[in-house]
Amino acid sequence: MDERTPEKQPENDFKGIYKNVKISVKTLDIVIVGGILLMIALVLFGIANNGYTVSFDSRGGTDVAAQTDLMYGDHVAEPEPPTREGYTFAGWYHDENCQYPFDFDNTIVDASATLYADWEKIQD
């Protein structure tokens, strides 16, 4: 080989493992920027959505503080029962008609919700 003639490099040798990928640099840039924007959007959504809130409607009883920042799969902590003059607290329910009792031990949080107190009138 003549010393003045540079050795010819194989055409795709510099591409390494990507030598068979047929994508333009512009397309690759769009994919990368799109991925970064998607990650930013997901982080911002996570910051804006601080979790679920479970509120307690004591229906005439003492106020019970809502539980906030609950995540999917968490359990709602059973609060101290409210009090109401002339009534005995009978439990928390999913519905205003107090037909479906709320099970604090076995129900997981999957959305924001309101629980409703049921009351039994004290007999004179």
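What share of the 124 residues in the chain is buried? In this predicted model, buried residues make up 19% of the chain. The accessible surface comes to about 10,100 Å². Carbon and sulfur atoms account for 54% of that surface.

The secondary structure consists of 1 helix and 4 strands. Along the sequence, these elements follow the pattern α-β-β-β-β. Among contacts with a separation of 6 or more, 54% are between residues 24 or more positions apart.

The 4 strands form an open sheet. Their order in the sheet is β2-β1-β4-β3, and the pairing is mixed. Strands of a sheet pair through backbone hydrogen bonds, in either a parallel or an antiparallel manner. β2 (67–70) and β3 stand at the edges of the sheet. Each of these has a single partner strand, so one side of each is left without a neighbour in the sheet. From one strand to the next, the twist averages 20°.

Two of the pairings involve β1. β1 and β2 run antiparallel and are joined by 2 bridges. Here Y52 stands opposite L70 in β2. β1 and β4, in contrast, run parallel and are joined by 4 bridges. The bridge partner of V54 in β4 is A113.

Aromatic rings form a further set of links. The count comes to 4 aromatic pairs. In one of them, the ring centres of F56 and W92 are 5.0 Å apart. The planes of these two rings stand at 65°. Planes over 60 degrees apart count as edge-to-face, so the pair of F56 and W92 is edge-to-face. The pair links distant parts of the chain. F56 lies in strand β1 (residues 52–57), whereas W92 lies in strand β3 (residues 87–93). The two residues are 36 residues apart.

Are F56 and W92 buried or exposed? F56 has a relative accessibility of 9% and counts as buried. W92 is also buried, at 3% relative accessibility. Buried here means under 20% relative accessible area.

F89 and W119 form another aromatic pair. Their ring centres lie 5.5 Å apart, with 70° between the planes, and this pair is edge-to-face. F89 belongs to strand β3 and W119 to strand β4 (residues 113–121). The pair therefore ties together parts that are 30 residues apart in sequence. W119 is buried, with a relative accessible area of 12%. Taken together, F56, F89, W92 and W119 are linked into a cluster by ring pairs.

The charged end of R84 sits over the ring of Y87. The distance from that charged end to the ring centre is 3.9 Å.

Strand β4 also contains L115. L115 has 2% relative accessibility and counts as buried. Which residues does L115 contact, leaving aside its neighbours within four places in sequence? The list includes V54, S55, F56 and D57. W92, Y93 and H94 are also in contact with L115. F102 and F104 complete the set. Two of these contacts, F56 and W92, belong to the aromatic cluster described above. The C-alpha atoms of L115 and P101 are separated by 9.2 Å. Along the chain, L115 and P101 are 14 residues apart.

R59 has a phi near 50°, a positive value in a residue other than glycine. R59 is placed in the loop between β1 and β2. With a relative accessible area of 35%, R59 is partly exposed. C98 likewise has a positive phi, near 55°, and is a residue other than glycine. C98 lies in the loop between β3 and β4. How accessible is this residue, and is C98 buried or exposed? At 13% relative accessibility, C98 counts as buried.

Technical notes. Residues numbered from 1 in each chain as written. Predicted model: local features only at pLDDT ≥ 70, side-chain atom pairs only at ≥ 80, totals over all residues. Heavy atoms only, no water. Phe/Tyr/Trp six-rings, centres within 6.5 Å; stacked < 30°, edge-to-face > 60°. Buried < 20%, exposed > 50% of the residue type's maximum accessible area, 1.4 Å probe, protein only. Lys NZ or Arg CZ within 6 Å of the ring centre and 35° of its normal. Pairing = 2+ DSSP bridges. Axes fitted to C-alpha atoms, helices over the stretch in contact; angles between N-to-C directions. Contact = heavy atoms within 4.5 Å. Areas by Shrake-Rupley, 256 points an atom, 1.4 Å probe, with all protein chains shown as cover.
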